[in-house]
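Here are my notes on this one, as numbered points. Have the model open while you read.

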Amino acid sequence: HSAPTDPRGLFNLFVDDLCEHVDGQADVGGALLAIEDFMVDMNRSLTEADFGFELPSREQHQLPGRRSGHTRTIPISESIRMRDELLPMFTAEQHEAMSAVITSIDNEHASSNVFALMSSAGCGKTVFANGLAANLRAQGRNVICVAASALAAMLLIGGSTAHSTFHIPIPANETSMCNLTYEEREALKRASLIIYDECSMVHADIADCVERTLRDIMQ
C-alpha cells in the first residue's frame, strides 16, 4: 500500500523472483498480470500514469482474472459436501459458537449480530469460518467471505479480499464510503452473514469506511 517513487525500477529489481520460468524464459507478462489482479482489487491499475506499465493480453498468458467472493455462486451440492466434511471436525465450543451466530441471524431482534472470533494460531479459526459458511450456504443462504489479505482470502471458500468485495477507496479517511454498484449493494443486503477474516489488522479508517457503508446500505 506504499507509493514507490520508481515502480518500474522496483519491478525490475525483483523481476527474477516474481516470474515463473517457461522453457528457460522468464514470464514477465504473466508476472505483470498477476500483480494487476491485486491492483484491480484496490481499484488501481499498473497502466495508470503513476506506474506506467503496458500489459500484455490475458489470453496470451492464459491467466483468468480473480472474481470477487460475493459474485461467485457456490452450488448448494458443493456446500452440502463441504458442510458434511467440516462440521464433524468442530469441537463442542465451535458448535456452540455456530449456534449462537445462526440464532442471531434467525432473530431479527437479536441484541447483537456482530461476533468476534479470537484464538491462537492453529486452533481452527479458518475451519470454523468455512464450516459455518458451508452450513448456511447448504440451506440456500448467502454468505460473503472476505479477508484483509489475499493470502487469508485464499483460505476461505469463495473468499476474496475486502478491498475487492467492498471497493474500499485508497486511501480511506474518516468520511470515505465504499464505491459499490446498485447490484453489489443489493447483494450485501441479501447476505445472511459477512465473514471478515483478519479484521483486527486493518486500519481504523478502513474498518470505519466499511461499517459506514454497510449502515448506509441497511437503512
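1. Glu186 and Lys189 sit 3 residues apart in helix α9, so about one helical turn separates them. Their side chains meet in a salt bridge, 3.6 Å from N to O (a salt bridge being a side-chain nitrogen of Lys or Arg within 4 Å of a carboxyl oxygen of Asp or Glu). Glu186 is partly exposed at 21% relative accessible area, and Lys189 is partly exposed at 43% (buried is under 20%, exposed over 50%, partly exposed in between, with a 1.4 Å probe and protein chains only).

2. A word on the source: this is a predicted model, where local features need pLDDT of at least 70 and side-chain atom pairs count only at pLDDT 80 or more, while totals for chains, interfaces and linings use all residues. Residues are numbered from 1 along each chain as its sequence is written, and side-chain values use heavy atoms, with hydrogens and water left out.

3. Lys189 also turns up where α9 packs on α10: Arg185, Leu188 and Lys189 in α9 meet Leu214, Asp216, Ile217 and Met218 in α10 (contact means heavy atoms within 4.5 Å). By class, that contact has 4 nonpolar, no polar and 3 charged residues (Ala, Val, Leu, Ile, Met, Phe, Trp, Tyr, Cys and Pro count as nonpolar, Asp, Glu, Lys and Arg as charged, the others, Gly among them, as polar).

4. How are the two helices set? α9 (182–190) and α10 (204–218) pack at about 85°, axes 10 Å apart (axes are lines fitted to C-alpha atoms, for helices over the stretch in contact, and angles run from 0 to 180 degrees between N-to-C directions). They are therefore roughly perpendicular (65 to 115 degrees; under 35 is roughly parallel, over 145 roughly antiparallel, the rest oblique).

5. Back to salt bridges, 8 by count. Asp106 and Arg141 form one at 2.9 Å, N to O. This pair links distant parts of the chain, 35 residues apart: Asp106 is in helix α5, Arg141 in the loop between α6 and β3. Arg44, Glu48 and Asp50 are linked in a network.

6. Also in α5 (92–106) is Gln94, buried at 13% relative accessible area. Beyond its neighbours within four places in sequence, Gln94 contacts Met89, Cys123, Gly124 and Phe128.

7. Finally, the sheet: 3 strands, open, ordered β4-β3-β5 with parallel pairing (strands pair if DSSP finds at least two bridges between them). β4 and β5 stand at the edges with a single partner strand each, so one side of each has no neighbour in the sheet.

Key. Helices (H or I, at least four residues) and strands (E, at least two) are DSSP runs, numbered from the N terminus.
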